Amino acid sequence: FWERLQDEWRTLSESEGKHPWLSEFNDFYDPFKEYKFDEENPMTDVENAFEKGKAFLEQGDIPSAVLCFESAVKQDPENPEIWEQLGFSQAENEKDPNAIAAFNKALSFNPNNMPVLMALAISYTNEVLQNNALRMLIRWMKCNPKYEHLVPPEMLQAQDSPMASSMMGGPKLKDVQDLFIKAVQQSPTEIDADIQEALGVLFNLSSEFNKAVDCFNAVLQVRPESSKAWNRLGASLANGNRSLEAVDAYQRALAFHPGFIRARFNVGVICVNLKAYKEAAEHLLTALNLQANSAVRSGLKVQSMSNQMSSAIWSLLRMVLSLMNRSDLHTAVDNRDLEVLNREFPMSND
């Protein structure tokens with residue numbers, strides 16, 4: 001069993017390339033500088049693509065929104081709002097590399113965009129780029145008039161240039177945690193959801209998962225219907241080996257946002273942890289079908305939707321099939337053949 005699993009991971013690592021954490025020694029390392037557009041975008045010639053993308057978001061159809069935003073930003077590449085919405089949509093679509101590229105493009109127009117800085121910190125965390133995540137959180141605090149006085153000058157100096165960072169080292173996790181804890185202590189009777197969210201990310205980075213859970217629970221006191229906050233609570237619970245509680249949090253996220261691809265993917269991960277492999281495969285296939293069927297729901301025809309689907313979801317699905325002793329379905333995964341896989345795992349439309 002373990003040899004089979006090891007072979008599986010070796011295959012994944014060869015196909016995906018080097019993982020970012022192998023180059024983390026470079027404080028300014030960022031492998032996601034260029035946005036990779038879908039080459040077969042069925043929304044290319046759609047009029048008012050940006051407005052239609054926002055309409056798809058309102059309907060909870062993230063993949064279709066992404067396609068519209070990609071079309072819109074090609075037509076208007078200097079529009080920071082489109083890059084911002086594209087970044088947020090790709091983050092929910094389980095495609096952090098493209099989210100990071102889009103967010104950085106949005107920041108090139110407005111370096112003090114606080115929602116983008118926070119979202120970028122979270123995407124960097126998901127991609128195991130800790131130094132980049134810490135740097136974004138420091139920038140976020142410096143942009144906040146309420147807390148900017150808390151940021152020490154030497155921390156800002158390290159932010160400004162690769163040379164300063166290489167001499168001083170990247171930002172220290174404990175130092176950034178202390179910075180945000182001071183922000184909480186500044187108004188102890190008031191919950192600042194953004195500060196709590198940032199602390200939740202920081203405690204996940206330091207593997208203090210129960211503290212992260214407390215932070216996201218505080219966020220939910222202020223934003224009880226935030227699907228993103230429920231999803232991050234679920235991730236923190238899962239990281240702390242509280243799988244059953246995590247499932248409940250993810251289900252709450254999906255109740256508010258049924259098309260939330262990342263939350264659906266996360267439920268699949270939890271099912272793997274619980275050794276519920278059939279259920280894991282079903283959740284992962286649901287996520288892939290949501291991504292693949294976006295053009296169909298849009299009333300458009302396109303030959304292949306494989307580019308719309310997340311490679312991370314396919315990779316996990318392949319591993320799940322190995323755990324189920326269903327290596328006979330690996331070819332279907334490698335060919336991105338949803339039709340074959342859907343026949344093997346028939347699901348009702350819920």
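This is a predicted model: local features need pLDDT of at least 70, side-chain atom pairs count only at pLDDT 80 or more; totals for chains, interfaces and linings use all residues.

As to the cysteines themselves, Cys 215 is buried, with a relative accessible area of 5%. Cys 271 likewise counts as buried, at 9% relative accessibility.

One cavity of 30 Å³ or more is found, and the largest cavity has a volume of about 60 Å³. Which residues line the largest cavity? They are Lys 146, Tyr 147, Ala 183, Val 184, Ser 187, Glu 190, Asp 192, Ile 195 and Gln 196. By class, this lining comprises four nonpolar, two polar and three charged residues. Helix H10, residues 173–186, and helix H11, residues 193–205, each contribute at least two residues to the lining.

Helix H11 also brings us to my last topic, as one of the helices against which the buried residues of H13 pack. Helix H13 covers residues 227–239; at 1.5 Å a residue, its 13 residues should span 18 Å, and its end C-alpha atoms are 18 Å apart, so the two values agree.

Is H13 mostly covered or mostly uncovered? It is mostly covered, with 10 of its 13 residues buried. Among these are Trp 230, Asn 231, Arg 232 and Leu 233. Besides H11, the packing partners of the buried residues include helix H6 (114–126), helix H12 (209–222), helix H14 (243–256) and helix H15 (261–273). Finally, just after H13, Asn 241 adopts a positive phi of about 60 degrees.

How values were computed:
Residues are numbered from 1 along each chain as its sequence is written. Side-chain values use heavy atoms; hydrogens and water are left out. Buried means under 20% relative accessible area, exposed over 50%, partly exposed in between (1.4 Å probe, protein chains only). On a 1 Å grid over the protein atoms alone, a cavity is a set of points where a 1.4 Å probe fits but cannot get out, and a pocket is an open set with protein on both sides within 12 Å along at least five of seven lines; lining residues have an atom within 4 Å of a point. Grid points are joined across faces, edges and corners, and a volume is the space filled by probe spheres set on the points. Helices (H or I, at least four residues) and strands (E, at least two) are DSSP runs, numbered from the N terminus. Ala, Val, Leu, Ile, Met, Phe, Trp, Tyr, Cys and Pro count as nonpolar, Asp, Glu, Lys and Arg as charged, and the others, Gly among them, as polar. The expected span of a helix is 1.5 Å times one less than its number of residues. Contact means heavy atoms within 4.5 Å.
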